[in-house]
Amino acid sequence: MVFRSNDNKIFYCLIILFLTFSTQNLTKAFSNPKPTLEEVYSWHLLKDSYGPTFAGNLSWQKYVELLEKELIDNGIKSLTKDFFEYERWYTSNESNDHQWTLTVEGEPIDVASYWAYSGFTGKTGVEGKLLYFNQDTPKDLIKGKIIVFDVGGLPNTFKRFSQISKHEYATKDLHQIQDDDSTGDYWYQVNYVTRFAKLDEYLKDSGALGAIAILSMSPGRAEGIYTFPLIRPGIIGVPGLYVDRVSGNELRGAALKGKYANLKLLANVQNSKAYFLSGFLPGKHFGEDKDQFILLTTHTDGPNLTQENGGFGIIKIIEQINKIPISERNKTILIMLDPQHFMPGRHSIDWFNLHANLSNRIVSVLGIEHLGQMEYKDFGNQFKLSGTTDKTYIYTQDNQNLIDQAIYSVEKHKIERTYVLCPDRGGQGPWTGMGNLAQKMKIPGYGISTSMSGYWSTKPGIESFSSELFMKQVDIMTDLTLYLMNANGEEIQIKGL
């Protein structure tokens, strides 16, 4: 993958230091009015300078502090923090730091990334015999071994689940009705170890010394892969690494011959505090029993710049809604920022249950995620920016008025490479992102996401971000928020309910 060098990252950090030199509070760098695109870029430059935002780490704290300041400045009322603690496992995200390494009989093997929450070794690593693993391997054989397993590409059985073969609308630059499988393949492989193969469950208490997953990916694409989803809380206890298909060919051969290897993964565990952040942008009935809520929601944690930057999108939506007098806002906006996307036991804390008094007054939902991302593609063994935007997906519940409004807004704002999708009508892929809360709650709603070409890596940064695309996406979601605010229940009734 072609990304910025460490020198470039230092350069970006120097820019941030210059912007914030005169104050101890970094967020004050944005207290003066700026043109929208400049402000959006500045926010993202600051976020990027701290690296991945994992719930409770320094980057996450700085990001959420900035979001909180902007929410307050934009008139959000009754701002609430719901705290929790968890054990956060972490290591360096840079291979050059040599916190995670692999050698086979003294010869180094290039490692693409680490398996988050797998385990850790001492400074000298663990030494043991390689064992190539398949479904017929007896479990008692893996004790004291470093196991090697292949993660194959997207199976045909999953293509029907992930593939977009139909749509409600596509912009003219999307000539093919049938979408390619690159995102589905990416999604499947990163989900494989914990969701489909459940290798975390298999390895726990197995006595294995270590584990290495061979990804069916180019070296560039595999670089910086971050384990997702972390469905089960806790640390596995078996340190794990990821290698790409090139290193994998060498490693597979060594494992089949039973060669010896040294695997090192230095990591730490820290008790971390994080919190849900929620509040209200008042409508004309705010504080009254008859008030109804439109939920704007996103995650606040993720391994790279646009995963997750939905909070910035919500700020810009709120700025536009604030131009409308409160007396003309038929519903109140409820904002909820969720910090448990990439943490173990993801979504184990039910915010809606904690706030049942609010949840039963939510009448529609908009999930805002992954904004402004440019597209990465494979070019041989490299994974780099293609020069165009990631595809934008606007998801909608099954109601023709909801669909028509989404199409109208996409055309109005002249956004490129965009689908309008209604997954419940079939053949249009699954809902991705938090917009699927509308499905779960069986209420009208929308979601926005992208094809997520760099979604699961710690590497994509400011060089992959477009303020222009970000604002077009925000403008569309602002239109849809206002539509839900003004529509009556019968007009947007979901089909079948």
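Modeller: Strand 8 and strand 9 (residues 240–243) pair in the parallel sense, with four bridges between them. Please bear in mind that this is a predicted model.

Colleague: What makes strand 8 and strand 9 a pair?

Modeller: Pairing requires at least two bridges found by DSSP. Strand 8 and strand 9 have four, so they qualify as a pair. Within this pairing, I214 has V243 of strand 9 as its bridge partner.

Colleague: Why is strand 10 (residues 260–265) described as largely enclosed by the rest of the structure?

Modeller: Because five of the six residues of strand 10 are buried. Strand 10 runs antiparallel to strand 2 (residues 100–104), with five bridges joining them; W100 is paired there with L265. Strand 5 (residues 126–132) is likewise antiparallel to strand 10, over four bridges, and E127 stands opposite N262.

Colleague: Why is S464 called buried?

Modeller: The term applies under 20% relative accessible area. S464 has 0% relative accessibility, so it counts as buried. S464 lies in the loop between strand 19 (445–450) and helix 14.

Colleague: What makes the approach of the S464 side chain to the side chain of Q373 a polar contact?

Modeller: The distance limit for a pair of N or O atoms is 3.5 Å. The two side chains are listed as making a polar contact at 3.3 Å, which is within that limit. Beyond four places in sequence, S464 is also in contact with residues including G372, M374, Y376 and L385.

Colleague: Which residues touch the most other members of the largest nonpolar core?

Modeller: They are L102, L130, F149 and M477, in a core of 135 residues. Helix 14 (residues 467–486) supplies the largest share of this core, 11 residues. Sequence neighbours up to four places away aside, M477 touches I317, L366, G367, I368, I394, Y446, G447 and I448. A second, separate core has eight residues, among them I164, A170, Y393 and Y395.

How values were computed: Residues are numbered from 1 along each chain as its sequence is written. This is a predicted model: local features need pLDDT of at least 70, side-chain atom pairs count only at pLDDT 80 or more; totals for chains, interfaces and linings use all residues. Side-chain values use heavy atoms; hydrogens and water are left out. A nonpolar core is a set of buried Ala, Val, Leu, Ile, Met, Phe, Trp, Tyr and Cys residues joined through side-chain atoms within 4.5 Å. Buried means under 20% relative accessible area, exposed over 50%, partly exposed in between (1.4 Å probe, protein chains only). Helices (H or I, at least four residues) and strands (E, at least two) are DSSP runs, numbered from the N terminus. Contact means heavy atoms within 4.5 Å. A polar contact is a pair of N or O atoms within 3.5 Å; within protein, one must be able to donate a hydrogen and the other to accept it, and residues adjacent in sequence count only if both atoms are side-chain atoms.
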